[in-house]
Amino acid sequence: MRIACVLLWWLVGCSSSIYLTVQTDANANFGAPVPVDVVFANKPELENQLLPLTAAEWFAKRSQIQRDYPDESILRVVSFEFIPGQQRSEQKIKGNGAEMAIIFVNMGRSSATNRARVPTGSTVSLRIGEGSYQLELEK
């Protein structure tokens, strides 16, 4: 029984993570730092609430949403801030059992949604440019 529990924990832990690599151009975000949040919502109604949000809306509402969902098994937020020219080699970002992660990239002057939904277990390469970003996904 103990082995089955450990195996289940290992499978859930591995499958609910993403692997993130980040490259920021020297002029990324017009020279300003770029906040990036990786959000794991392990409740369908919460995920449905988050998916319509733009990155600007997410960052404006994030504190309240985290107060509304303080349990990390329901909402897990991993925050980063990247500066122009910064590189980050592949890093495992552990989820909370959710099947998908939402990545919010706060490109200050952009009116785009700057949000991407990615399946957990994926390798994500994020490249941040002057006024936009590119996200490549491997499953």
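The following dialogue concerns the terms applied to this predicted model and the values behind them.

Modeller: In this predicted model, local features need pLDDT of at least 70 and side-chain atom pairs count only at pLDDT 80 or more, while totals for chains, interfaces and linings use all residues. Residues are numbered from 1 along each chain as its sequence is written, and side-chain values use heavy atoms, with hydrogens and water left out.

Colleague: Why is Leu53 called buried?

Modeller: Buried means under 20% relative accessible area, exposed means over 50%, and partly exposed lies in between (1.4 Å probe, protein chains only). Leu53 has a relative accessible area of 8%, so the residue is buried.

Colleague: Where is Leu53 found, and which residues does Leu53 touch?

Modeller: Leu53 is found in the loop between helix 2 (44-50) and helix 3 (55-68); helices (H or I, at least four residues) and strands (E, at least two) are DSSP runs, numbered from the N terminus. Contact means heavy atoms within 4.5 Å. Not counting residues up to four places away in sequence, Leu53 touches Trp58, Lys61, Ile65, Phe104 and Arg115.

Colleague: What makes Arg62 and Asp37 a salt bridge?

Modeller: A salt bridge requires a side-chain nitrogen of Lys or Arg within 4 Å of a carboxyl oxygen of Asp or Glu. The closest N and O atoms of Arg62 and Asp37 are 2.7 Å apart, and the pair forms a salt bridge. Arg62 in helix 3 and Asp37 in strand 2 (residues 34-41) are 25 residues apart, and the pair links distant parts of the chain.

Colleague: How do the two partners, Arg62 and Asp37, stand in accessibility?

Modeller: Arg62 has 22% relative accessibility and therefore counts as partly exposed. Asp37, at 0%, counts as buried.

Colleague: What does the salt bridge of Arg117 with Glu47 tie together?

Modeller: The closest N and O atoms of Arg117 and Glu47 are 3.0 Å apart. Arg117 lies in strand 6 (residues 115-119) and Glu47 in helix 2, so the pair ties together parts that are 70 residues apart in sequence. Arg117, at 42% relative accessibility, counts as partly exposed, whereas Glu47, at 13%, counts as buried.

Colleague: How many salt bridges does a search of the whole structure find?

Modeller: The search finds five. One of the salt bridges joins Arg76 and Glu72, at 3.1 Å from N to O.

Colleague: How do you know that strand 5 pairs with strand 2 and with strand 6?

Modeller: Two strands pair if DSSP finds at least two bridges between them. Four bridges join strand 2 to strand 5, and these run antiparallel. Five bridges join strand 5 to strand 6, also antiparallel.
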